[in-house]
Amino acid sequence: MLRPYEAADAETRYRIHSDPAVLAYTGGARLSRAQSDKYFKAYLSRHKAGTNCCLLVLDRITDAPLGDCLLLRFPPTDPELVLALLPEARGKGISFEPAGALTAVVFASAPLGGIVAKVQPSNRASLGLCAKVGMVLVGSQPNHWDEAPDLVYRLARPVHGA
Ligand SMILES: CC(C)(COP(=O)(O)OP(=O)(O)OC[C@H]1O[C@@H](n2cnc3c(N)ncnc32)[C@H](O)[C@@H]1OP(=O)(O)O)[C@@H](O)C(=O)NCCC(=O)NCCS
C-alpha cells in the first residue's frame, strides 16, 4: 500500500535512508537525525508543490512501513524513480507493486514523456526491478560517489491504442 509521506514519518524516513545499502546505492550521505529531518521537510514541501512525489510503502495488512518510493525532479527533465526498502522487506518481490502503481498514476495524471532510474551496475535487485517494470537501458552517466557510472533506464509513456 502507498500513501504520501507526512511530517510524523520523519523517523521512518531516517531509518530507511540511513541503511548502509541504501546509502551505497543512492549515493546519499550519512546524515544525523537533525540533518535528515531538515531534508525531509524540504521533500514534503516539494511534494506539496508538485515537483516531487514522496510516498511511503506500507504493509497492507499490518500497516508497518516497508520502505519508500520517490519520484524526483519533475519536468522539464524526465523525473527519476527511486525506491528504497528496509532490509527485512527486500528480496521478496515487494517493490514491483509500488513502482508499477506510481509510474501508472503519474503517466495518467501528468504529461510526461518518460520516467528514468539511475542504477549502479552491481545493484542486481534494482536492475531486476527496472526490467520487471519495463524500463530499457538508454545510457550511462557518471555519479559523484562511485567509479562505476550509473546505468540509466527509462520507461517511456505508454502509447495506448498503438
Ligand atoms: C532495489 C530494491 C528497491 C528492489 O526491491 P526488491 O523488492 O527487493 O526487489 P525484488 O525482490 O522484486 O527483486 C527484483 C528482481 O531482481 C531480481 N534480483 C534480486 N536480487 C538479485 C540478485 N542479487 N541477483 C540477481 N537478480 C536479483 C529478483 O529475482 C527480481 O526479479 P524476478 O521477480 O523476475 O525474479 C530493494 O532491494 C532495495 O530497496 N534495495 C536497497 C536500496 C536500493 O538499492 N535502491 C535502488 C536505488 S537505484
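Predicted model: local features only at pLDDT ≥ 70, side-chain atom pairs only at ≥ 80, totals over all residues.

Colleague: Which residues is serine 18 in contact with, leaving aside its neighbours within four places in sequence?

Modeller: One of them is 12 residues along the chain from serine 18: arginine 30, with the two C-alpha atoms separated by 6.2 Å. Leucine 31 is on the list too. With neighbours within four places left aside, the contacts of serine 18 are Arg30 and Leu31.

Colleague: And aspartate 19, which residues does that one touch, not counting residues up to four places away in sequence?

Modeller: Aspartate 19 is also found in the loop between helix 1 and helix 2. It has 19 C-beta neighbours inside 10 Å, and therefore counts as partly exposed. Not counting residues up to four places away, aspartate 19 touches Leu86 and Pro87.

Colleague: How far apart in space are aspartate 19 and lysine 118, C-alpha to C-alpha?

Modeller: Along the sequence, aspartate 19 and lysine 118 are 99 residues apart. In space, going C-alpha to C-alpha, the separation is 19 Å.

Colleague: Now the helices: are helix 1 and helix 3 roughly parallel or roughly perpendicular to each other?

Modeller: Helix 1 covers residues 10-17 and helix 3 covers residues 33-49. Their axes come within 10 Å and cross at roughly 110°. Angles from 65 to 115 degrees count as roughly perpendicular. Helix 1 and helix 3 are therefore roughly perpendicular.

Colleague: How do the residues of that contact between helix 1 and helix 3 divide into nonpolar, polar and charged?

Modeller: From helix 1 come Ala10, Arg13, Tyr14 and His17, and they meet Arg33, Ser36, Asp37 and Phe40 in helix 3. Sorted by type, the residues of this contact are three nonpolar, two polar and three charged.

Colleague: While we're at helix 1, does arginine 15 count as buried, exposed or partly exposed?

Modeller: Arginine 15 lies in helix 1. The C-alpha atom of isoleucine 115, 100 residues away along the chain, is separated from that of arginine 15 by 26 Å. Arginine 15 has 15 C-beta neighbours inside 10 Å, so it counts as partly exposed.

Colleague: What about helix 4 and helix 5: is their crossing left-handed or right-handed?

Modeller: The axes of helix 4 and helix 5 are 10 Å apart, and the packing angle is about 45°. That makes the two helices oblique to each other. Phe96, Ala99, Gly100 and Thr103 in helix 4 meet Leu129, Lys132 and Val133 in helix 5. As for handedness, helix 4 passes helix 5 in a crossing that is right-handed.

Colleague: Where does the largest share of the largest nonpolar core come from?

Modeller: There are 27 residues in this core, and Leu55, Leu83 and Ala117 touch the most other members. Among the elements that give two or more residues to the core are helix 2 (20-26), strand 2 (53-58), helix 4 (96-109) and strand 7 (150-156). The largest share is five residues, and it comes from strand 2.

Colleague: Is methionine 135 buried or exposed?

Modeller: Methionine 135 is found in the loop between helix 5 and strand 6. Not counting residues up to four places away in sequence, it touches Ala117, Cys130, Tyr153, Arg154 and Leu155. With 23 C-beta neighbours inside 10 Å against a cut-off of 20 or more, methionine 135 counts as buried.

Colleague: Last one: is aspartate 63 buried or exposed?

Modeller: Aspartate 63 lies in the loop between strand 2 and strand 3. It has a positive phi of about 70° although it is not a glycine. With 9 other C-beta atoms within 10 Å, and 12 or fewer being the cut-off, aspartate 63 is exposed.

Terms used
Residues numbered from 1 in each chain as written. Axes fitted to C-alpha atoms, helices over the stretch in contact; angles between N-to-C directions. Helix = DSSP H or I, 4+ residues; strand = E, 2+ residues; numbered from the N terminus. Parallel < 35°, antiparallel > 145°, perpendicular 65-115°, else oblique. Contact = placed C-beta atoms within 7 Å. Nonpolar A, V, L, I, M, F, W, Y, C, P; charged D, E, K, R; others polar. Core = buried A, V, L, I, M, F, W, Y, C linked by C-beta atoms within 7 Å. Left-handed = near helix turned anticlockwise from the far one by under 90°.
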